[in-house]
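Dear colleague,

Please find the structure below, together with an account of what was found in it.

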There are 2 protein chains.
Amino acid sequence: MTERIFNFSAGPATLPESVLLQAQRDLFALPGVGMSILEVSHRSAAFETVIQEAEADLRALLAIPDNYKVLFLQGGASLQFSMVPMNILPSGRSADYILTGSWGQGAVKEARKLGAVREAATTAATNFNRLPGSGEIELDPAAAYLHFTSNETIFGVEFQAEPAAGEVPLVCDMSSNFLSRPIDVSKYGLIYAGAQKNAGPAGVTIVIIREDLLGRIPAGLPAMLDYGVLAKNGSMYNTPPCFSIYICGLVFKWLRNEIGGLEKIFQLNQEKAGILYEAIDASDGYYRGHAEKDCRSLMNVTFRLPSEELEKQFIKEATAAGLDGLKGHRSVGGLRASIYNAFPKAGVARLAQFMAEFKSR
Amino acid sequence: MTERIFNFSAGPATLPESVLLQAQRDLFALPGVGMSILEVSHRSAAFETVIQEAEADLRALLAIPDNYKVLFLQGGASLQFSMVPMNILPSGRSADYILTGSWGQGAVKEARKLGAVREAATTAATNFNRLPGSGEIELDPAAAYLHFTSNETIFGVEFQAEPAAGEVPLVCDMSSNFLSRPIDVSKYGLIYAGAQKNAGPAGVTIVIIREDLLGRIPAGLPAMLDYGVLAKNGSMYNTPPCFSIYICGLVFKWLRNEIGGLEKIFQLNQEKAGILYEAIDASDGYYRGHAEKDCRSLMNVTFRLPSEELEKQFIKEATAAGLDGLKGHRSVGGLRASIYNAFPKAGVARLAQFMAEFKSR
């Protein structure tokens, strides 16, 4: 077995070792099937079991109500930026967007190509280091939906609770904190999440949509972009990304059976992030967090050092010490430690120790 | 190592055993990287190498001219049914489609939602058991493009050469015989292929597009559906399906280094299909091929038995004998043996032997 390092990448990201080992063991031939999961027909009983168990485990983890459809799609959150307005922003209506970072900006840019949108709030003025207060959000009560990004990976800000939307359906890009904490799905009209942070590998996007919203879909959409067609065919209108769904299924089982559910992983995520924010706060200002304290993300810890030269030095030495992927996004600079569900607590402790040592050197 | 069976599925389909074994060996941690290919950032040097080598090997295999872009996308051929007209069927023009089976019908159905299309030829009248003769194809010399499906998996008919298109750009859904024989890419404007038959696992779609066609793309397309945006970003406008691309890369290396290129695989595919068609033709009419002889597919061998009951019996006994996935599609009935590039010759010989034994029983 080759040695593994600590991978702080913002995504694709660390997967549970037990998931990797099971996938590795069965990659040549699924037990009792005699074919690799990479080779089985998506219409086979073997794959039917895989996708049905994945959906059932996801429904159990999130307690998804029966009036929601679960879809396993392709194209990432970036394709959802377009599919959401194509499907549920009827002509003649307008949608509200809350902008708290680059992903929200991406979503509104694509939506604008397809319909009328409003910026209900934005924190661009302070380089997205905070979330808008409820008084700052100017809702259109007639909006087709209110879109927000529950966690912004680049800036490291995370909603602690859903913005108040009244009767307007809430649509959430939950890509980077999906399954990292319990949520009440019934508060949402539509949730979408690229899998490659907390749910699995790149190549599959999960959509959870309240059934009544399917009634809004205009006729004549391309079949592959029509939630109704995709839902009616159980995510198998055409060949789905079988392997990525299979790995998601293993991750869901890991979350249920090894971790013990979303309350448990939330507690673990709070502990892990707590170690790093403590290291920042106890550094007498040597390390400076980008996000305001009450908006800090449990998934992406963003911080600066006293100078860009020290930041480069830190990244270089950390990488050499097996702490990989810490370079921050260019729009924030500095460092970013992405510590999704499967990132081990030992790696967080090691980074905190490294931070203390680096400061004292 | 678990025992493997012979998988005649129409796709996802058999992969080379050496590819599966290498993927299995490195799944927990890529050598020298310390992370699984499922976990590495798509912006990392490790993944840059994967995608660049995959493209370079594909270019070498097909001798793709420099004025063509190679894209690794998501959504399957079914999303290409829509992306092709969105991108290269300008408003006010019309596109021609040759229909030789269900996939061509699917392509034209989606295109019709987006623009003007013409059926230049169809063989529906004989349940798609043949290809149109050149005299049957009514080309519009002003067409934006001429679309055809090089191999129809359901009916088992395959073009032996490109239809004559004059100056009209040829667009081909090559999903099910991509890389199974040499082609002259310079004859095409655009080629697309879902990977899950000959090129890799489900979850990635390869598009090869002549650069001048990018000039037709209308402004304001959703970014994820715009070939220009995707090409400009080297297939990484957002997180690509990393693992599927990695497996394709291994398959391309297998084709180059173990098989010896497309001439070699073409010869092997002719030998394999020849064994089954010989078994059909030597059966005194017990087995009846669906496709006319000069249109027979090297990838999907479709045939009937004297009765549906015998067909059920055949499938049941074959499955028990480790010959899996032989049930034909409901629109043709009977049996279908899909024998893509990686399907072993030994499995073909075993099926031919089984056919002879079954007949004599």
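Predicted model: local features only at pLDDT ≥ 70, side-chain atom pairs only at ≥ 80, totals over all residues.

B:Phe178 touches B:Leu58, B:Leu62, B:Ile191, B:Ala193, B:Asn198, B:Ala199, B:Ile206, B:Ile208 and B:Asn341, leaving aside residues up to four places away in sequence; contact here means heavy atoms within 4.5 Å. Together with A:Phe178, B:Phe178 has the most contacts inside the largest nonpolar core, which has 136 residues. Such a core is a set of buried Ala, Val, Leu, Ile, Met, Phe, Trp, Tyr and Cys residues joined through side-chain atoms within 4.5 Å. Buried means under 20% relative accessible area, exposed over 50%, and partly exposed in between, with a 1.4 Å probe and protein chains only.

Residues are numbered from 1 along each chain as its sequence is written, chains are lettered from A and ligands numbered from 1 in the order in which they are written, and side-chain values use heavy atoms, with hydrogens and water left out.

The two chains

A:Arg4 lies over the face of B:Phe28, 4.8 Å from the ring centre, and B:Arg4 lies over the face of A:Phe28, at 4.9 Å from the ring centre. The criterion is that NZ of Lys or CZ of Arg is within 6 Å of the ring centre and within 35 degrees of the ring normal.

Aromatic pairs

Over all chains, a search of the whole structure finds 31 aromatic pairs. Rings of Phe, Tyr and Trp (its six-membered ring) pair if their centres lie within 6.5 Å; planes under 30 degrees apart count as stacked, over 60 as edge-to-face and the rest as tilted. The ring centres of A:Phe314 and A:Phe354 are 5.1 Å apart and the planes are at 90°, so this pair is edge-to-face. The pair links distant parts of the chain, with A:Phe314 in helix 9 (residues 308–320) of chain A and A:Phe354 in helix 10 (residues 345–360) of chain A, 40 residues apart. Helices (H or I, at least four residues) and strands (E, at least two) are DSSP runs, numbered from the N terminus. A:Phe314 and A:Phe354 are both buried. They also belong to one aromatic cluster with A:Tyr286, A:Tyr287, A:Phe303 and A:Phe358.

Strand 8 of chain B

Strand 8 (residues 170–173) of chain B is covered on both faces: B:Leu170 and B:Cys172 on one side, and B:Val171 and B:Asp173 on the other, are all buried. In a regular strand the side chains alternate between the two faces of the sheet. Strand 5 (residues 146–149) of chain B runs parallel to strand 8 and is joined to it by 4 bridges; two strands pair if DSSP finds at least two bridges between them. In this pairing, B:Phe148 stands opposite B:Cys172. Strand 9 (residues 190–194) of chain B is also parallel to strand 8, with 3 bridges, and here B:Val171 stands opposite B:Leu190.

Backbone details

A cis peptide bond joins A:Gly11 and A:Pro12, with omega about -5°, and A:Pro12 is found in the loop between strand 1 (6–7) and helix 1 (17–26) of chain A. In chain B, a cis peptide bond joins B:Gly11 and B:Pro12, again with omega about -5°.

Two residues other than glycine have positive phi: A:Leu179, near 65°, and B:Phe128, near 55°. A:Leu179 is in the loop between strand 8 (170–173) and strand 9 (190–194) of chain A and counts as buried at 2% relative accessibility. B:Phe128 is in the loop between strand 4 (116–122) and strand 5 of chain B and is buried, with a relative accessible area of 4%.

Yours sincerely
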